[in-house]
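Here are my notes on this one, point by point. Have a look at the model first, then read on.

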Amino acid sequence: KRCISASRDKTLRVWDSSTGQCLKTLWGHDDWVYSVAVLDDGKRCISASRDKTLRVWDSSTGQCLKTLWGHDDWVYSVAVLDD
């Protein structure tokens, strides 16, 4: 199983939860990353950051797929809604 973490170092990290090995580091935020949520497909995730953005990621490749702008201040949390 894999898991993902959000950090003050401005990154997200994908981990192998059984070995403890970091599989991928996701770079792109300009400030602390406070929260991350995994989408239903298990392949994408969304992060929330002090840089006032949300970012949608491909957690396998580490690529930022989209940046969501609009907040006037830090974004502390993100949750996924059912469609």
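1. Starting with the contact pattern: of the contacts in the protein chain between residues at least 6 apart in sequence, 31% join residues at least 24 apart. Contact here means heavy atoms within 4.5 Å.

2. Some housekeeping. This is a predicted model, with pLDDT of at least 70 needed for local features and pLDDT 80 or more for side-chain atom pairs to count, while totals for chains, interfaces and linings use all residues. Residues are numbered from 1 along each chain as its sequence is written, and side-chain values use heavy atoms, with hydrogens and water left out.

3. Overall make-up: the protein chain has 0 helices and 7 strands, so you read β-β-β-β-β-β-β along the sequence. Both element types are DSSP runs numbered from the N terminus (helices: H or I, at least four residues; strands: E, at least two).

4. On dimensions, the C-alpha trace spans about 40 × 30 × 20 Å along its principal axes. The radius of gyration of the protein chain is 12 Å, which agrees with the value near 12 Å for a compact globule of 83 residues. That radius is taken over C-alpha atoms, and the globule rule is 2.2 Å times the number of residues to the power 0.38. Of the 83 residues, 30% count as buried (under 20% relative accessible area; exposed is over 50%, partly exposed in between; 1.4 Å probe, protein chains only).

5. Axes are lines fitted to C-alpha atoms (for helices over the stretch in contact), and angles run from 0 to 180 degrees between N-to-C directions. S2 and S3 pair over 5 bridges in the antiparallel sense; pairing takes at least two DSSP bridges between two strands.

6. Where does Trp 15 sit? Its place is in strand S2 (residues 11-16), and Trp 15 stands opposite Cys 22 in S3. Trp 15 is partly exposed, at a relative accessible area of 28%. Not counting residues up to four places away in sequence, Trp 15 touches residues including Lys 1, Cys 3, Gly 20 and Leu 23. The C-alpha atoms of Trp 15 and Cys 3 are separated by 5.3 Å, though the two are 12 residues apart along the chain. A polar atom of the Trp 15 side chain also lies 3.3 Å from the backbone oxygen of Arg 13.

7. The other open sheet to look at has 4 strands in the order S4-S5-S6-S7, with antiparallel pairing. The twist averages 20° from one strand to the next. S6 and S7 run antiparallel, joined by 4 bridges, and Val 56 stands opposite Lys 66 in S7.

8. Now the packing. The largest nonpolar core has 8 residues, among them Leu 39, Ile 46, Leu 54 and Val 75. Strand S5 (44-49) and strand S6 (54-58) are the elements that give two or more residues to this core. Apart from it lies another core, of 6 residues, including Leu 12, Leu 26, Cys 45 and Trp 57. A nonpolar core is a set of buried Ala, Val, Leu, Ile, Met, Phe, Trp, Tyr and Cys residues joined through side-chain atoms within 4.5 Å.

Conventions: A polar contact is a pair of N or O atoms within 3.5 Å; within protein, one must be able to donate a hydrogen and the other to accept it, and residues adjacent in sequence count only if both atoms are side-chain atoms.
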